[in-house]
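Biologist: Before we discuss details, could you show me the chain and then take me through it by question and answer?

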Amino acid sequence: MLENIEKYIEEVRQFEAAHLDEVEQFRIRFAGRKGLINKLFDEFKQVPKEEKPRYGQLLNTLKKVVAEKVEDLKSKLQNQAAATPSGFDPTRPGYPYRLGSRHPVSLVRNRIIDIFRRIGFNVSYGPEIEDDWHNFTALNLPEYHPARDMQDTFFVELHPDWLLRTHTSSVQIRYMEQNRPPIRTVSPGRVYRNEDISARSHLMFHQVEGLYVDTDVSFADLKQTLLYFTREMFGENSRIRLRPSYFPFTEPSAEVDIYWGLKTETDYRITKGTGWLEIMGAGMVDPNVLANMNIDPEKYSGFAFGMGIERIAMLLYQIPDIRLLFENDLGFLKQFKSVL
Ligand code: PHE
């Protein structure tokens, strides 16, 4: 019996393996639950008394060399695998791609587009460098119309007629040049105004314009569409109110407020204590604009609306300063949803 154990010890010392699964087989054979070591321990009870100390000692040695051998071979084989290309382990999980995140302006723009797509609006685009006609004149702002003072404009020196568009309403005009009613389109894009940069305004920002032209379009359709939008965007309990306003290209015109509430001090500050917050301009397309586009205002009517994306992003994400949106600070940007 004693020689038996000595033979095992010798066998263990000699053992070599080329693969980790051979090591595992070896470990199971000796140190597994039904392995040799446990069997030998069971037999210990039948060992004659005078042999017990020697037997016990050898058995402990066997246990120890098995454990050492397993550890040695394992670490040797693992190191080899890491060091040699042939040890490439195809089962190892890959390094994850570091995905970027979407810009908050893109996230909000995509949501706005999605909401209007669901009720049949398509998406249209226009150029950021516009001419006077599309940005002003066709929108019912003749050259000396005082409303031109409403927007401070960047003009392009290359050409007296060129400017950076001050609103996405110019895309309404481009769209009506190319398409006949029924029209349902939203036009997202960047716009420019010659304004001082502050926490609340920037000389470059983004808008989404909406245009709906068909027979029998009423102000009620406009209100219902805007209510649908605000509920989808800000939650189903959202409330809106329309205040009379003036835009040359819509008649009647309105400014649209949503009820933001007065729960926090910030709410007081951003709503100037009223709880209401302006989120867009809107109105019924002025008959002059339709006529400019050779769409018969006797037969067709429509509504239009325009909103600032930054404004909504700042509300939704509680961003205190518009400049944060344009500084490309990764620490800021990475807080938003990843690309997937
Ligand atoms: N173009 C207006 C602005 O930039 C918004 C607007 C769009 C108002 C469409 C009415 C209709 O302020």
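Modeller: Buried means under 20% relative accessible area, exposed over 50%, and partly exposed in between, with a 1.4 Å probe and protein chains only. Helices (H or I, at least four residues) and strands (E, at least two) are DSSP runs, numbered from the N terminus. This is a predicted model, in which local features need pLDDT of at least 70 and side-chain atom pairs count only at pLDDT 80 or more, while totals for chains, interfaces and linings use all residues. Residues are numbered from 1 along each chain as its sequence is written, and side-chain values use heavy atoms, with hydrogens and water left out.

Biologist: Which residues of helix 2 are buried?

Modeller: On one side of helix 2, Asp21 and Gln25 are exposed. The buried residues of this helix are Val23, Phe26 and Phe30. They cover an arc of only 60° around the axis (taken from the directions from the helix axis to the C-beta atoms), which puts them on the same side of helix 2. The buried set is therefore Val23, Phe26 and Phe30.

Biologist: How far apart are the end C-alpha atoms of helix 2?

Modeller: The expected span of a helix is 1.5 Å times one less than its number of residues. For the 12 residues of helix 2 (residues 20-31) this gives 16 Å, and the distance between its end C-alpha atoms agrees, at 16 Å.

Biologist: Which residue forms a salt bridge with Arg174?

Modeller: A salt bridge is a side-chain nitrogen of Lys or Arg within 4 Å of a carboxyl oxygen of Asp or Glu. In this pair the closest N and O atoms are 2.6 Å apart, and the partner of Arg174 is Glu130. Arg174 lies in helix 7 (residues 169-178) and its partner in strand 2 (residues 129-131), so the pair ties together parts that are 44 residues apart in sequence.
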